[in-house]
Amino acid sequence: MKKAFIALGLMMIGGFANAEVIGSVSTTFKLVGANDKIIVEAFDDPKIEGVSCYLSRAKTGGISGSIGLAEDSSDAALSCQQVGEIVVPEKIKPGEDVFEKDTSIWFKTMKVVRFLDKKRNVIVYLVYSTKIIDGSPKNSTSTVAIRHWNK
């Protein structure tokens with residue numbers, strides 16, 4: 001039974017990119033616990049070679065944030081860049097999840113999804129936040145033109 005839960009957990013996270021923390025800045029001083037921060041993370045698109053994205057997002061501090069009980073705000077910004085030869089697979093699912101980060105223990109998640117604009121030869125990335133009862137309309141997009149890469 002334990003192995004089944006582990007396998008299920010790995011399947012759920014298997015299709016998403018893993019983020020690398022690039023840095024952070026404090027935005028609010030907290031006397032007790034961690035400060036509120038803006039964190040900058042980088043991740044590569046797991047299915048399209050040659051694209052990396054940079055995500056900045058709010059991280060709540062204080063005592064509840066330090067022990068993982070705080071809910072982070074839905075504020076985020078996204079910038080994606082071509083970093084090598086772009087290889088687009090034959091089949092790309094519109095709105096496919098590329099990156100996911102839990103931002104609360106109460107079923108709130110920040111997601112990055114991908115769309116392919118074939119008419120303009122562009123990949124569009126969208127970051128937004130979901131929550132079981134009410135998500136957030138706050139969002140940000142970034143586009144990457146599919147161009148030849150000079151080595």
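**Exercise 1.** In which order do the 4 strands of the open sheet stand, and is the pairing parallel or antiparallel?

*Solution.* The model is predicted, so local features need pLDDT of at least 70 and side-chain atom pairs count only at pLDDT 80 or more, while totals for chains, interfaces and linings use all residues. Residues are numbered from 1 along each chain as its sequence is written, and side-chain values use heavy atoms, with hydrogens and water left out.

Step 1. Strands (E, at least two residues) are DSSP runs numbered from the N terminus, and two of them pair if DSSP finds at least two bridges between them.

Step 2. The order is S5-S6-S7-S8, and the pairing is antiparallel.

Step 3. S5 and S8 (136-145) are the edge strands, each pairing on one side only.

Step 4. On average, neighbouring strands of this sheet are turned by 20° against each other, direction ignored. The axes behind such angles are lines fitted to C-alpha atoms, and angles run from 0 to 180 degrees between N-to-C directions.

**Exercise 2.** Describe how S5 is joined to S6, and follow Glu96 across that pairing.

*Solution.* Step 1. S5 and S6 run antiparallel and are joined by 7 bridges.

Step 1. Glu96 stands opposite Arg114 in S6.

Step 2. Glu96 and Arg114 also form a salt bridge, with the closest N and O atoms 3.0 Å apart. The term stands for a side-chain nitrogen of Lys or Arg within 4 Å of a carboxyl oxygen of Asp or Glu.

Step 3. Glu96 counts as buried at 15% relative accessibility, and Arg114 counts as buried at 1%. Here buried means under 20% relative accessible area, exposed over 50%, and partly exposed in between (1.4 Å probe, protein chains only).

Step 4. Glu96 and Arg114 belong to a network of salt bridges that also links Asp45 and Lys47.

**Exercise 3.** How many salt bridges does a search of the whole structure find? Work through two further examples.

*Solution.* Step 1. The search finds 10 salt bridges.

Step 1. One of them joins the side chains of Glu41 and Lys101, at 3.6 Å from N to O. Glu41 is in strand S2 (residues 36-44) and Lys101 in strand S5 (residues 96-104), 60 residues apart.

Step 2. Glu41 is buried, with a relative accessible area of 2%, whereas Lys101 is partly exposed at 28%.

Step 3. Arg120 and Asp117 meet in another salt bridge, 3.0 Å from N to O. Arg120 is exposed at 54% relative accessible area, and Asp117 counts as partly exposed at 21%.

**Exercise 4.** Which cysteines form a disulfide, and what handedness does the S-S torsion give?

*Solution.* Step 1. A disulfide is a pair of cysteine sulfur atoms within 2.5 Å; the count by this rule is 1.

Step 1. The pair is Cys53 and Cys80, with sulfur atoms 2.1 Å apart. The torsion about their S-S bond is about 105°, so the disulfide is right-handed.

Step 2. Cys53 is in strand S3 (residues 49-59) and Cys80 in strand S4 (residues 76-87), 27 residues apart. Both cysteines are buried.

**Exercise 5.** How many aromatic pairs does the structure hold? Classify what is found.

*Solution.* Step 1. Rings of Phe, Tyr and Trp (its six-membered ring) pair if their centres lie within 6.5 Å; planes under 30 degrees apart count as stacked, over 60 as edge-to-face and the rest as tilted.

Step 1. The structure holds 1 aromatic pair. The ring centres of Phe43 and Phe99 are 4.6 Å apart and the planes are at 10°, so the pair is stacked.

Step 2. Phe43 in strand S2 and Phe99 in strand S5 are 56 residues apart.

Step 3. Phe43 is buried, with a relative accessible area of 2%, and Phe99 counts as buried at 2%.
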